[in-house]
Amino acid sequence: MTDSQKEATRQAALDYHALPRPGKLEIRATKPMANGRDLSRAYSPGVAEACLEIKADPSTASKYTTRGNLVAVVTNGSAVLGLGNIGALASKPVMEGKAVLFKKFANIDCFDIEVNESDPEKLAEIVCALEPTFGAINLEDIKAPDCFIVERICRERMNIPVFHDDQHGTAIVVGAAATNALHVAGKTFEEIKVVSTGGGAAGIACLNMLVKLGVKRENIWLCDVHGLVHVGREVDMNPEKAAFAQATELRTLGEVIGGADLFLGLSGPNIMTPEMVKAMAKRPVVFALANPDPEIMPDLARAAVPDAIIATGRSDFPNQVNNVLCFPFIFRGALDVGATEINDAMQVACVQGIAELARASTSAEAAAAYHGEQMTFGADYLIPKPFDPRLSGVVSTAVARAAMESGVAARPMADLEAYKAGLDASKFKSALLMRPVFQAASTASRRIVFAEGEDERVLRAAQAILEETTEQPILIGRPEVIARRCERAGLSIRPERDFNIVNPQDDPRYRDYWETYHGLMARKGVTPDLARAIMRTNTTAIGAVMVHRNEADSLICGTFGEFRWHMKYVNQVLQDESRRPHGALSMMILEDGPLFIADTHVRVTPNPAQLAETAIGAARHVRRFGIAPKVAFCSQSQFGNQPDEGAERLRQAIALLDEAPRDFTYEGEMTIDAALDPELRERLLPGNRMQGAANVLVFAYADAASGVRNILKMKAGGLEVGPILMGMGNRAHIVTPSITARGLLNMAAIAGTPVAHYG
């Protein structure tokens with residue numbers, strides 16, 4: 001990196017912290033404060049009621065205040081990673097960053113507290129005095145051996161979890177990485193020799209964790225800047241180091257590294273040489289975790305021993321040992337069961353949860369966040385990536401279970417599976433709303449054919465379908481391409497073994513398919529030659545023919561290409577007197593709940609009868625999600641105040657609906673704000689037929705519906721489920737190119753629900 005590039009990077013980091021407003025945190029109210037009534041509840045006199053409840057029963061503090069979801073990150077800035085003893089004030093950006101990570105990864109509120117106190121006992125007194133405010137304490141960047149003293153005093157005196165992340169967080173992630181590294185190398189903890197450099201807080205904690213996992217203490221050789229920690233040494237010793245002292249005449253790293261199975265470096269740059277790596281045991285594990293420059297660069301270690309298994313603390317190499325894999329989720333589990341401490345059982349559970357997750361197939365969301373990186377379990381993928389959304393559910397649940405089983409949970413849970421589902425739902429915003437659909441889909445084993453079977457999103461969805469549902473995915477694509485992409489994506493599924501394939505280039509059913517298609521289209525200008533060509537090249541047409549021939553129950557297409565292009569072939573093959581597309585419905589999952597938008601794709605300018613049909617279909621589909629439909633016909637016109645053509649069509653559609661009893665609420669025509677704001681709507685039309693906010697918006701033009709859908713998706717953070725193609729009896733759904741693998745899984749669940757389930 002050139003000097004100008006370094007300066008640009010430096011300035012970008014400073015701008016990130018300074019603009020558009022200083023710092024990385026803010027405090028937001030969680031209750032309304034709009035009028036005097038709100039004020040009287042939030043403060044005097046109403047606040048007294050909560051105070052008295054807590055005085056009578058201190059455990060209710062987690063019910064009436066934020067304490068049960070509030071963590072303090074406390075430091076004196078004496079050992080900031082990569083910067084050393086920079087003091088409390090200079091450490092504040094780091095602590096703010098830690099607080100942001102708590103919120104981002106585990107939705108835990110956090111205050112950073114920087115304390116000007118170098119005496120460990122006085123610092124511990126300050127931390128202990130904070131117990132009424134916080135549900136847990138995260139000690140951070142306190143130098144050794146002071147950190148041991150602070151943590152010991154706090155854990156003895158406080159009845160909430162106290163966790164020094166530099167020690168135990170690092171140890172947990174190292175333990176998970178070591179578990180999987182030994183799995184790859186074919187070794188066990190009980191048999192290995194460990195050589196470690198660095199006798200600080202993190203290094204000692206990692207060695208203690210390895211002992212908990214089965215490493216024999218006599219097989220651990222600890223070195224620091226003064227050489228090997230040995231019996232009788234007096235220089236720079238403390239009880240924590242002395243626990244690993246060896247009775248030997250050997251004194252240097254070079255003398256003890258021979259035959260080591262695992263090198264664990266938490267010290268400084270370039271202290272290990274390629275010759276040392278060569279001296280290690282067969283298939284060595286090298287954890288060079290010093291930052292920013294490791295004990296040995298990975299390329300040098302691999303050049304010395306090509307099959308070495310290597311991890312670092314850096315994000316630009318595989319296997320980054322990053323505490324963010326641990327601390328948000330161990331605190332999440334501990335807080336949710338009211339744990340009084342974070343004990344060994346909870347830490348080991350965290351290790352096991354992280355390790356097991358890496359051995360599972362990679363999540364589509366993590367793959368998207370780290371596009372282009374290989375994430376197949378093995379030597380270069382020992383631990384999950386921080387943005388893997390499954391971490392919260394897997395690790396936090398494991399920690400909560402361990403807290404309950406070890407007897408330190410003050411609020412044990414009756415249903416940990418429901419707890420995990422709730423955590424997953426917080427990461428996968430569609431999970432909670434999709435639950436009724438998945439439950440309905442589980443009662444029938446339907447065959448879902450994916451037209452774009454070579455797309456990685458489809459492959460990830462297919463794996464999830466096989467893991468989470470009873471559906472049978474069928475993929476259209478070239479087998480060798482699908483197999484290669486499954487392997488590259490780290491998926492365990494393989495063609496033919498786990499799912500069926502239709503190969504457009506060479507399938508024994510080819511003649512049957514083109515003859516079927518020609519039979520349907522012979523009098524619509526399609527010749528036999530054209531039918532043959534389409535059945536070789538058009539995967540949407542192939543999938544539709546399969547559904548027509550009852551070789552599949554539903555088609556999903558549209559991951560690339562234009563919606564109406566796909567709809568052309570769906571109509572050609574699957575439309576009949578009882579089935580025809582009459583609208584596309586998108587569920588937009590927003591922060592305050594779902595909002596359904598129709599019709600976004602099918603009819604550009606629907607007539608009144610078609611608008612009424614869209615409303616009826618939308619109401620039917622909304623019920624699939626366990627939601628009572630409230631349909632608003634939306635326009636720039638407000639209850640007849642404008643005579644434009646679109647508003648007139650909406651008024652006529654409402655009149656058509658009024659001709660027969662309906663089992664859903666509808667109202668209009670009105671603007672979107674009136675649809676979503678009951679008070680405004682009541683002022684405009686007192687006594688209108690709708691109560692509360694509408695949850696289905698039907699528009700007079702597809703342009704308007706599509707525009708609202710895209711604004712909600714791109715600017716309001718809405719997550720789309722759909723589009724759901726209404727009117728085809730669930731035999732086909734056309735998605736859009738922006739769909740994710742999770743979105744395809746959701747659509748498969750919708751397609752996998754027999755029509756009888758939703759009327």
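One thing before the record comes up: UniProt positions are given here in the numbering used for this chain, feature names are shortened, and annotations may be inferred rather than shown by experiment. Also keep in mind that the model is predicted.

**Exercise 1.** Find the residues that UniProt lists for "domain: Malic enzyme N-terminal", and describe that stretch.

*Solution.* Start with the record: an unreviewed UniProt entry gives residues 22-155. Now look at the chain there: residues 22-155 are 41% helix and 12% strand. Finally, the end C-alpha atoms of this stretch lie 34 Å apart.

**Exercise 2.** Work out which strands stand at the edges of the open sheet of 6 strands, and why one side of each has no neighbour.

*Solution.* Write down the order: E18-E17-E19-E16-E15-E20, with mixed pairing. Strands E18 (665-670) and E20 (719-726) are at the edges; each has a single partner strand, so one side of each lacks a neighbour in the sheet. Ignoring direction, neighbouring strands are turned by 20° against each other on average.

At the E20 end, E15 (residues 583-590) pairs with E20 in the antiparallel sense over 6 bridges, and Met 588 sits opposite Glu 720.

**Exercise 3.** Trace the partners of E17.

*Solution.* First, E17 pairs with E18 in the parallel sense over 5 bridges; Lys 630 faces Thr 665 there. Next, E17 pairs with E19, also parallel, over 4 bridges, with Val 696 as the bridge partner of Val 631. Last, check burial: 4 of the 5 residues of E17 are buried.

How values were computed:
Residues numbered from 1 in each chain as written. Predicted model: local features only at pLDDT ≥ 70, side-chain atom pairs only at ≥ 80, totals over all residues. Heavy atoms only, no water. Pairing = 2+ DSSP bridges. Helix = DSSP H or I, 4+ residues; strand = E, 2+ residues; numbered from the N terminus. Axes fitted to C-alpha atoms, helices over the stretch in contact; angles between N-to-C directions. Buried < 20%, exposed > 50% of the residue type's maximum accessible area, 1.4 Å probe, protein only.
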